[in-house]
Amino acid sequence: MVQYNFKKITVVPTAKDFVDIILSRTQRQTPTVVHKGYAITRLRQFYMRKVKFTQQNFHDKLSTIIDDFPRLDDIHPFYGDLLNVLYDKDHYKLALGQINTARNLIAKVGKDYIRLIKYGDSLYRCKTLKVAALGRMCTIMKRIGPSLAYLEQVRQHMARLPSIDPNTRTILICGYPNVGKSSFINKITRADVDVQPYAFTTKSLFVGHTDYKYLRYQVIDTPGILDHPLEDRNTIEMLSITALAHLKAAVLFFLDVSMSCGYTIAQQAALFHSIKPLFANKPLIVVCNKIDLQPLEGLPEDDANLIAEMKAEAAKTMVGQYGKPGEDDGVLLSMSALKEEGVNAVKNVACERLLEQRVEVKMKSKKINDCLNRIHVAMPKARDGKERLLCIPQAVLDARAQVAAAKESRKLEKDLEDENGGAGVYSASLKKRYLLADESWKEDVIPEILDGHNVADFIDSDIMQRLEELEREEGLRMAADGDDDDEMDEAGLTPEEKEALAAIRKKKRMLVEEHRIKKSTADSRPVVPRKFDKDRQFTTDRMGRHLSNMGLDPSAAIERARSRSMSRRGRKRERSSGVEENADAMDIDQPNKKPRMLSRSRSRSRPPGEVIPGEGFKDSSQKLKAVKLGKKAAKKRNKDARKGEGDRVILNMKPKHLFSGKRSIELCLQMGADPSYF
């Protein structure tokens, strides 16, 4: 089981987002309405609550960050050195220390200002102290902004680290760059490590898993190591050194005998001897890779001697480990990852060697005595040398024979399906398993019951024959009547009537064609006003003729249509009859401008108390009273909308952490946020 899961570390926001999150939470989850008329104890309690709430939120958020990040002294030494190599242990501890210091300072600021607000003598003084307290807390958070940014980068990188269990069965692959380590792990596990024909393709640790004897093994691919002093190695090489130093694993040292990696066998042997102290107390296997390019038998004598020395060193490790001389056949192995020759043999030997080493270590531990005291294995001893065969009762043999015969005689649905045409042709009958008094009833048609009556009792057996007779009779009648019912017999008509009938039929065809054209283009034809109709079909003359044919007087309708068309063109308004009658008197007694203004209709504003039909008021006094009550009710809302003594100011109206991405009202309710705030 993986002990360390760095993917669950809480996201570290920036200093600005941190302040926005805390202050917006304070505004949303604490009261905001306060008036100067309140008692001073109530005012103090109002602002003390805000300072306490803000300080507690800062404390909880910072405590979560400090607790989620691993402490280098409490985790496995492998992860401790790995974090030191990747992120610099001193910088890491300094950043967490600054977060802890900021948490303590914010707690001290909150405590001091709560004591000051406790003795505030006015609303203004309490509010000023609250603003100062929150301002000092935000200033402290802004000062640790670089530490927060560094921890966020560390968190993102730690989340991408492979999940390595330092205590499980592990196979560690090491060697020079480009010797075939990644190809080997891709062959024996389902890992997908990038393989390229150049050095340092693998820049970090990669983990795969394989099974051997129903046990899961962890296989780690390390970056390539170069032969130079420890202090000159870079971060990528130090990852391999850290894994070799701290993981209890079976080590596979890969050797490229073809030297296609760019390094000679002498250089690879020098690397082996330089990191040999890291192989102590670990099963060590030297793997000669790429034998398809250069077999071991064709190596020069010097290279063969170097490989023999490496084999001897690995054998010495076996002797020191097991306390007895080891066999050399399991120390030096050859394989070809490209042609998959010997790949499984290398994996099996490594897993077997590691398993033996782990069992031996457990057998030497003190816990094995407690386990052996609770385990007892009983082995029966033979009474004599007589051979005793198995004895099965005859009744049991007969029962077994009957069961076997029943299985052979019984036909399954699968057998019936094969005999009757196979799938898609054979249809299994669901009625053959019915339990009925008579077996012949199984295939009978089940009656359909409607309203307590059998439907079959009301069906005439000759209904289809009678239906055919009715259809035949109907066809004969229609043939006798003719195809068109509307056609008239022209035999007894006079020439004038025939001409009228022809005109009627022509008119009918024209109307039908016109209707079809309009119907086909009704969806795409725009609605055009009559005054823009180019055909001028709707004229007053046409309307007059139509009304005259109907026996009506068209003069009034024509006059009204003409008067409307003239008024639309801008016809001048005529003077009223009263003014025309007294025109001479007005010309003498008053200026000429006065009657012109009296005759013209002047628009005026409607008084507020005038009742408009449909408003629902009885009279003007009732309407004025309703308007007054509405203004009075809106006065309180307008007053609350202005900034007063209350503490409702929101510095950042749209903080990023609340408005980034798509969020619905339902999601806001699930997260505990107030949808009205948005």
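This is a predicted model: local features need pLDDT of at least 70, side-chain atom pairs count only at pLDDT 80 or more; totals for chains, interfaces and linings use all residues.
Residues are numbered from 1 along each chain as its sequence is written, and side-chain values use heavy atoms, leaving out hydrogens and water.

**α4 with α5**

- The axes of α4 and helix α5 (residues 123-143) come within 10 Å and cross at roughly 175 degrees; axes are lines fitted to C-alpha atoms, for helices over the stretch in contact, and angles run from 0 to 180 degrees between N-to-C directions.
- Helices (H or I, at least four residues) and strands (E, at least two) are DSSP runs, numbered from the N terminus.
- On the α4 side, A102, L105, I106, V109, G110, Y113, L116 and I117 meet C126, L129, K130, A132, A133, R136, M137, I140 and M141 of α5, where contact means heavy atoms within 4.5 Å.
- The α4–α5 contact residues divide into 14 nonpolar, one polar and two charged; Ala, Val, Leu, Ile, Met, Phe, Trp, Tyr, Cys and Pro count as nonpolar, Asp, Glu, Lys and Arg as charged, and the others, Gly among them, as polar.

**α4 with α6**

- Helix α4 (residues 89-117) also packs with helix α6 (residues 145-159), their axes coming within 9 Å and crossing at roughly 125 degrees.
- The two helices α4 and α6 are therefore oblique to each other.
- H91, Y92, A95, L96, Q98 and I99 of α4 make this contact with S147, L148, Y150, L151 and V154 of α6.
- By class, the α4–α6 contact has eight nonpolar, three polar and no charged residues.

**α3 with α8**

- Helix α3 (residues 77-87) packs with helix α8 (residues 235-246) at about 170 degrees, their axes 9 Å apart.
- This pair, α3 and α8, is therefore roughly antiparallel.
- P77, F78, D81, L82, V85 and L86 of α3 make the contact with T235, M238, L239, T242, A243 and H246 of α8.
- Here the α3–α8 contact residues are eight nonpolar, three polar and one charged.

**R169**

- In the loop between α6 and β1 (170-175) you will find R169.
- R169 and R358 are 189 residues apart in sequence, yet their C-alpha atoms are 8.5 Å apart in space.
- Setting aside neighbours within four places in sequence, R169 is in contact with L215, R216, Y217, Q218, L354 and R358.

Terms used:
Angles under 35 degrees count as roughly parallel, over 145 as roughly antiparallel, 65 to 115 as roughly perpendicular and the rest as oblique.
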